[in-house]
Amino acid sequence: MEAFRRRVGGFAFGGDYNPEQWDRTVWKEDVRLMRQAGVNTVSLGVFAWASLEPEPGRYDFGWLDEVMDLLHDNGISVNLATPTAAPPVWLTHLHPEVFPIREDGQPFGFGNRLHYDPSSPVYREYAARITTKLAERYSFHPALAMWHISNEYGPTSYGEAASVNFRHWLRRKYGSLDALNEAWTTRFWGQVYTDWEQVDVPHIPRTWMNPTRRLDFKRFTSDALLECYIAERDIVRSFRDDIPVMTNFMRFFRHADYWKWAREEDAAALDIYPNPAEAHSHVSAAFNYDLFRSLKGGQPWMLMEQAASAVSQWKLNIVKEPGRMRLGSLQAVSRAADSVMYFQWRAARGGQERFHSAMLPHSGPESRTFKEVTDLGREMKLLAPVAGTRSSADIAILFDWDGWWGLEEVFGLPRNDWSYTETVMRHYTPLWERHHAVDVVSASSSLDGYKVLVVPNAYLIDDAGAARIEAFARDGGTVIMSFFSGVVDADNRVRPDGYPGAFRRLIGAKIDEYWPARPDESFTVAFADGRRATSTWWRDDLHLESGTALATYADGLLAGRAAVVENRFGAGRVVYFATLLEQEAFDETVARVVAESGVRSRFEGVPAHVECSVRGDASHEYVFLLNHSAESGVSVPVGGEGTDLLTGRPVSGEVSLDPLGAAVVQLARG
Ligand code: GAL
């Protein structure tokens, strides 16, 4: 990635470019306006299979040759896509078995994109063939700077090919049917398998399902998609191995385990469309940015797609009001993105996304959006020294796909209306509002170097993950954990000897029963320090062992019993929430526990709507200050003398930000 950064002179700036949708007379104008906007990189050919191979085995690369040359002549680098996210209609007619089969048994059909079954050998064969052709032709083209493998891997198929592949996957995992029967607890309801051929994908919708079969199917589907990615990646790498290869991931995407995927990528790349109609969409964006930075151990990541203004996929598509696109882009950069890229360069005239915004909108270069894009393109150049720099955090938050699937993919839990992402955001938000730097970890990440670990509802966690969390606390870490954690093992089987099996010693309490609350029930919680709050949704019927009560219920059948537990564990401390506290009391408690661990934010006291984060290298720190308020300006102390890279002006002690204003202050270290 270092070579790529050098090539583009810092940040990549650009977007998806679809010249195949336009007459070649437009291409020259495109490139002229790209230069005007400061574009240095485009993602090319994302859905262009039908234009590259109009008939089976007949290729038309002429137009792509021309575009690659034109871009290169104008100093624009190409992130060249394999077009395999959109199989041509001829392929689906020749081989209808490439279609994914939906959960209801119907084929997905032609007319959208992503209409392929990742397990289909035919799909894989044709995908390999077009990928090989592209790599043969363009691997040494001077415009080529990066490979963009397919697009937003995502389809799940319940068809025959999936069943065959699932069985292979299970045989590799379990080795014997006995081991599978044991892991899946198939004695329950007499589901015992006696021959591998009997094992099938879970066809019926997800109520009333063997929960381990469903869980393994999620793991399998993520792996089947990953096999497709790896196959194409290895083809392009076999031609030359000095060009970075990646695919674009999505925000909060449940169907692919990005921790596992990221190991196979040269950079983690994210497509994200925060909804301007939602007041807090920038906070969940911040979490996703932290996740993407963490996926590859703190390496800068790529913002691969965002909207220049409105999208077109929702019922109501609100524009990004003036200044918001810039602020959102700088937000990604502040959390270690090394690119600002958009879907798409030029707005399409027809097709599903004809009202999706673009860097160059239907109204042309004399438009608000094009002007804002051009202004940002200029600013990205000013920020060049920031590219490649990293950030550090004392706090980590657990976000794990196995845990997500455990909570949301199968019914049969004490309550079945979990939202893992909401619960994670509930835990992340108080840290974000107090300007704490936060890394994201998986159950298998190293926890070295962190002081606080936040564990939101980790229902399913494997033994090694649970042991790592215990060791973290024993060695002096602070763990903040919430209810229904550590309940089942990696096979979705309840851990023995009382809830919460994996964490009973850690939290210093045994839970007799889980008591989900009735819809309108609420409880009064009294803290040892006199604070009172309400809670809803859930209570643990919990008996303290080594733990003590930080708060107890003041009413209801559990009156006098612990609602928030504190346990000294080894050299560390654990605070466990056994109920869903109202947000304010939860936030305050989390903030106190973090403060008591000794972790402080250098931006303490700065209003919550001013997002503060820091990137840096050996010689400099870059302090990003982003004012999310459209109403009021604000002054923020930066603790030193430096320069605002966006204005070039010296900064002494304090920076003033306009409404929606931003500053990136360069401070010399030492
Ligand atoms: C992404 C996709 C793009 C475009 C965009 C619209 O999911 O990769 O091709 O459809 O969404 O927001």
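In my notes, Ala, Val, Leu, Ile, Met, Phe, Trp, Tyr, Cys and Pro count as nonpolar, Asp, Glu, Lys and Arg as charged, and the others, Gly among them, as polar.

**Ground rules**

I am working on a predicted model, where local features need pLDDT of at least 70, side-chain atom pairs count only at pLDDT 80 or more, and totals for chains, interfaces and linings use all residues. Numbering runs from 1 along each chain as its sequence is written, and side-chain values use heavy atoms, with hydrogens and water left out.

**Entry 1: the ligand**

The shell is Phe47, Arg113, Asn151, Glu152, Asp271, Tyr273, Glu305, Gln313, Phe343, Glu353 and His356. By class I get three nonpolar, three polar and five charged.

Next I checked polar contacts (pairs of N or O atoms within 3.5 Å). Arg113 puts a polar side-chain atom 2.8 Å from a ligand oxygen. For Glu152, a side-chain N or O atom sits 2.5 Å from an oxygen of the ligand, and I noted 2.5 Å for Glu353 too. The ligand on its own exposes 310 Å², and the protein buries 95% of that (Shrake-Rupley areas, 1.4 Å probe).

**Entry 2: pockets**

Which pocket holds the ligand? The ligand takes up space in the largest one, going by more than half of its atoms lying within 2 Å of the pocket's grid points. A pocket here is an open set of points on a 1 Å grid over the protein atoms alone, with protein on both sides within 12 Å along at least five of seven lines, and lining residues have an atom within 4 Å of a point.

I wrote down about 1,000 Å³ for the largest pocket, counting the space filled by probe spheres set on the points. Of its 37 lining residues, Arg113, Glu152, Met250, Phe253 and Gln313 are the closest to the centre. Helix 11 (residues 281–295) gives the most to this lining, with three residues; helices are DSSP runs of H or I, at least four residues, and strands are E runs of at least two.

The second largest pocket has about 700 Å³. Its lining has 28 residues, with Gln21, Phe47, Asn112, Arg113 and Gln352 nearest the centre.

**Entry 3: cavities**

I also looked for cavities, where a 1.4 Å probe fits but cannot get out. Helix 15 (420–433) and strand 20 (579–581) each supply at least two of its lining residues. That lining divides into five nonpolar, five polar and one charged.

How values were computed: A residue is near a molecule or strand if one of its heavy atoms lies within 4 Å of it. A polar contact is a pair of N or O atoms within 3.5 Å; within protein, one must be able to donate a hydrogen and the other to accept it, and residues adjacent in sequence count only if both atoms are side-chain atoms.
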